[in-house]
Amino acid sequence: MSVSTQTGGWRTAAGWRRLLRDQPIVPLTALLILVVVIYSLVRPGVVNADWAGVILRAAVPLAILAGCQTLTMLTGGIDLSVGAVASMAGFMVASLLSGPGLGVGLAVALAAATLAGLLTGIGVGIFRVHPLIMSLGVSFVVLGLANAWQILTVQSSTGVPPELRMIGAERFGGLIPYSLLVFVPLAALIVLSLRRTGYGRMLYAIGDNPVAARLSGARGWQVLIVLYVVSALMASVAGFLLSGLTNVASVTLADSLVLPSVAATVIGGTSIFGGRGGYSGTIVGALILTVTSALLTALGYPEAVRQIMFGAIIVVVAAAYSRVTGET
Amino acid sequence: MSAATGTVDGVRGRPVDELVAWTRRNGWNLSLLAILVVLLVFTKMINSNYGVSSIQGLAISVLPLALAAGAQAICVIGGGIDLSIGSMMALTSVVAASQMKGQGEEFGVAVVLGVLLLGLVLGAINGGVIVVTRVPDIVVTLAMAFVWGGAALLVLKTPAGGSAQWLKDLVLGPAGVEWIPKATVVLLVVVAVVWMPLRRSKVGLSIYAIGSNQLAAFRSGVSVGRTKVIAYALTGLFSASAGLSLTASTGIGNPVPGPYTLMSVAAVVLGGVSLAGGRGGVFGPIIGVLILVLIQNDMAFLSLDPNLALVSQGLILIGVVMFGSLIQWRRSRR
């Protein structure tokens, strides 16, 4: 990513800096287009509407999980339990399918996610445990209980419900993924509530200056408890879509997406210290990661190189942000 | 444990007072030890066969995790956190295993030294990137976890390689007396050689200083950047020895990182190292590791679902941190 802070051109260096700080979505979109162009140069003729649909479909679960990270990072936190919660939710639905059915399964999964989120939120909000530790501990608890549940239900047949498979994997007219039906309203809701609602402003306020927020009357602990419940619920939605996409129900399904979700948020311009960022950047970040990953696969690079590239991208982008925003 | 805070250090006089002061300073570690003893007694009660061989097994399974916890403790004391420990362990382990396979015993010595040096370099790169880019530790080490993990996969695609016989002999089996496993001796030696001198040295003090208050440390003339790089390099060194212990105990190198990063964070918190930095030591986390592993074993002896051990580890982690933050909160109210 070329953060040309020195170049003058028609805009001054300060102008570029302001652009990257206030509107990270512009350079991020440019980066996304760059990656797509590279892809089309490397694999001519592959980049078309069908390809875009496949990429979008793959990016949706990651983008939702990254949404959990964005919301929690705005308050200066992080939610490492999203992987465990998402996998648990997907598995729960699959395991309850043959008996009680889809509706009960969805309800039980969402209820379990709510409990997990409540636990994290109470720890972070009331007991002031570091969010990293709290969500890590909760992820152990969720994973362990999900494993125990798996052993209990191993006799009954499990399978991903066809409804979820349709929403997660199939595409409208063979082109537009159905998962956008879930994602677009959800994303719009997040973006709007961050910008327009008091709750959204409260998240920024708590992340920016918790003491000031408290002194101006924000009840931080209530905000945080609601936040982590919302995060867990979003994670379970991502889990439903992911199990539908991969047609797999496993208690570790989404674990590999936890670190990329943090990466997408960081790339999207949300500060890990809180108070700065937004969801639109995160969505572009998730798309960049998905396209880059597809690009490296298309080039025949092994998983190893892909991982190294991921790491390098995170460091470089985060360094660029910290340079231009002047935060340490 | 809170040597850097020095709240009760001033007490000098009757030996009883000193003992009381020492106990108060090491209160957290002592209560952890008490929990460990209770757990050991409990283990013996529920499983009368628990004896020499089980202690040996415990020591072997604890070794990599204990070294990882030591690694995590150093950078957390310095006010950072290293999420790439598991990946560094995987990378150093596969490098060691792939280089030692089919080579002579003497060559193994060179490989071990080289791998330890590699650990120092990996850690120094982590610290250097943090200092140069001014990106938060957690983001950089998260990214470096990808990088080192990927590099490990480049070295070996699947678990393979070998280990020099002397390296295996170093950690497997008893050391003279059958009740003292070699793995424990190795652990104590590593800690004694690296940690004890460090803690007394100027560099060690600087690490505590930048952890407890970076600005104050800077104004007192501590080179914050250099100290940070050193702290991360030492984390890398401990991670490399943890990786070597994996190779030694399994005889191969596995490029897929184990659950060591997250477990090391859990052990560090359980071991009384404040995540805010500047407090704690290496012994607490090591006792924390023993407790975490013993609970897992006990669950197996009670023929409970092993997954419930994971649940209980999570609950212990949460409970301990909640308890700790409550104490801190009450203290700050006084």
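Visitor: What is the handedness of the crossing of α4(B) and α6(B)?

Guide: In this predicted model, where local features need pLDDT of at least 70, side-chain atom pairs count only at pLDDT 80 or more, and totals for chains, interfaces and linings use all residues, the crossing of α4(B) and α6(B) is left-handed: the near helix is turned anticlockwise from the far one by less than a right angle (clockwise is right-handed). Residues are numbered from 1 along each chain as its sequence is written, and chains are lettered from A and ligands numbered from 1 in the order in which they are written.

Visitor: Why are α4(B) and α6(B) called roughly parallel?

Guide: Helix α4 (residues 85-100) and helix α6 (residues 137-155) of chain B pack at about 20 degrees, with axes 8 Å apart. Angles under 35 degrees count as roughly parallel, over 145 as roughly antiparallel, so the pair is roughly parallel.

Visitor: Which residues make this contact of α4(B) and α6(B)?

Guide: Among them are L91(B) and V95(B) of α4(B), and W148(B) and A152(B) of α6(B); contact requires C-beta atoms, placed from the backbone, within 7 Å. The residues divide into 10 nonpolar, 3 polar and no charged.

Visitor: How do you know the orientation of α3(A) to α11(A)?

Guide: Helix α3 (residues 49-74) and helix α11 (residues 220-246) of chain A pack at about 170 degrees, with axes 9 Å apart. That angle makes α3(A) roughly antiparallel to α11(A). Their contact holds 15 nonpolar, 3 polar and 1 charged residues.

Visitor: What makes up the contact of chain B with chain A?

Guide: Chain B gives 37 residues and chain A 38. On the chain B side, α14(B) supplies the largest share, 14 residues.

Note on methods
Axes are lines fitted to C-alpha atoms, for helices over the stretch in contact, and angles run from 0 to 180 degrees between N-to-C directions. Helices (H or I, at least four residues) and strands (E, at least two) are DSSP runs, numbered from the N terminus. Angles under 35 degrees count as roughly parallel, over 145 as roughly antiparallel, 65 to 115 as roughly perpendicular and the rest as oblique. Two residues are in contact if their C-beta atoms, placed from the backbone, lie within 7 Å. Ala, Val, Leu, Ile, Met, Phe, Trp, Tyr, Cys and Pro count as nonpolar, Asp, Glu, Lys and Arg as charged, and the others, Gly among them, as polar.
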